[in-house]
Amino acid sequence: KEKLEINREQRALMKAIVDAYNRHQIPEDVAKKLLQDQYSPEENFLLLTEMATSQVQVLVEFTKNIPGFLSLDREDQIALLKGSAVEAMFLRSAQVFSRKMPTEHTDVLEERVRKSGIPDEFMTPMFNFYKSIGELHMVQEEQAILTAITILTPDRPYVKDPQAVERLQETMLDVLRKLCVLQHPQEQQYFARLLGRLTELRTLSHYHSEMLASWRMNDHKFTPLLCEIWDVQ
Ligand SMILES: O=C1N(Cc2ccc(-c3nnn[nH]3)cc2)c2ccc(Br)cc2C12CCN(S(=O)(=O)c1cccs1)CC2
């Protein structure tokens, strides 16, 4: 029987990540704007852009608080942030969307997202993803650690020292594996299902870059931060 209990060091790591995850939330007023009166698709798109911008800021702050991240090579830190920004944003959006919002809010937000100029062929996989995240009923520790695992993916473009990233990611994977067994004892493959979501995230991120290209065509404007992190314009 492998050592299942989460040791003191892993508990400290988990606490640091969950605190960072909860400390950095997008400001209520930004998300609330989306819930206000009816907007045109262009206005909806602008609101989603504003929200995505604030999500990226929150993501950068969260990432800086992942134990060990700041001791990585500086350029690799940037490569990891740029390489994971879309996936981490979609994971967090799905988590918030399926947890925090009361149902009527989710319906309104769903309506807004559907009417924001996002092509339907992207809308379907996106909503399937957030429903599949909702069905997992992740505890917040799992959400925070899964987001950290997404960011600490060694095979992002331009990472010079993938082994250093892999060591950090493996530490997180070990904690998450134990947490899943402790939190979901009745579901043998829960940990495997969580990691399966990361594969779905990569697909969404490919859709996203295609979408960006089409949005550039009909000159949708993005903020400087989004242009920087998404490599547009
Ligand atoms: O906006 C989204 N939403 C709604 C949303 C997201 C986050 C919060 C929230 N509240 N508090 N904290 N977070 C609320 C509503 C949502 C929900 C689920 C999935 Br999967 C994904 C999304 C996106 C993510 C960004 N894209 S995007 O394509 O990058 C794009 C950028 C600019 C214009 S379109 C659109 C879909």
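1. Lining of the largest cavity. H2 (28–35), H3 (41–64), H4, H5 (103–114), H6 and H9 each supply at least two residues of this lining. Helices are DSSP runs of H or I with at least four residues, numbered from the N terminus. H4 gives the most, with 7 residues. This is a predicted model: local features need pLDDT of at least 70, side-chain atom pairs count only at pLDDT 80 or more, and totals for chains, interfaces and linings use all residues. Residues are numbered from 1 along each chain as its sequence is written, and side-chain values use heavy atoms, with hydrogens and water left out.

2. Of its 32 lining residues, Leu-48, Met-51, Gln-55, Ser-93 and Val-113 are the closest to the centre. The lining has 25 nonpolar, 5 polar and 2 charged residues. (On a 1 Å grid over the protein atoms alone, a cavity is a set of points where a 1.4 Å probe fits but cannot get out; a pocket is an open set with protein on both sides within 12 Å along at least five of seven lines; lining residues have an atom within 4 Å of a point.)

3. The second largest cavity. About 50 Å³ of space lies here. Gln-55, Leu-59, Phe-62, Ala-88, Met-89, Arg-92 and Thr-147 line it.

4. The largest pocket. Its volume is about 580 Å³. The lining has 23 residues, with Lys-82, Gly-83, Pro-157, Ser-205 and Asp-231 nearest the centre. H4 (74–99), H9 (190–217) and H10 (224–230) each give two or more residues to the lining. The largest share, 8 residues, comes from H9. By class, the lining divides into 10 nonpolar, 5 polar and 8 charged residues.

5. The second largest pocket. It holds about 150 Å³ of space. H8 (162–183) and H9 each supply at least two lining residues. Among the lining residues are Arg-177, His-184 and Phe-191.

6. The nonpolar core. The largest core has 78 residues; Ile-118, Met-126, Ile-145, Leu-152, Met-172, Phe-222 and Trp-230 have the most contacts inside it. (A nonpolar core is a set of buried Ala, Val, Leu, Ile, Met, Phe, Trp, Tyr and Cys residues joined through side-chain atoms within 4.5 Å; buried means under 20% relative accessible area with a 1.4 Å probe, protein chains only.) The largest share of this core, 11 residues, comes from H4.

7. Helix H6. Residues 120–136 reach 25 Å from first C-alpha to last, close to the 24 Å expected at 1.5 Å a residue. Its buried residues include Phe-122, Met-126 and Tyr-130. Just after H6, His-137 takes a positive phi of about 45 degrees.

Technical notes
Points joined across faces, edges and corners; volume = space filled by probe spheres on them. Nonpolar A, V, L, I, M, F, W, Y, C, P; charged D, E, K, R; others polar. Expected span 1.5 Å × (residues − 1). Buried < 20%, exposed > 50% of the residue type's maximum accessible area, 1.4 Å probe, protein only.
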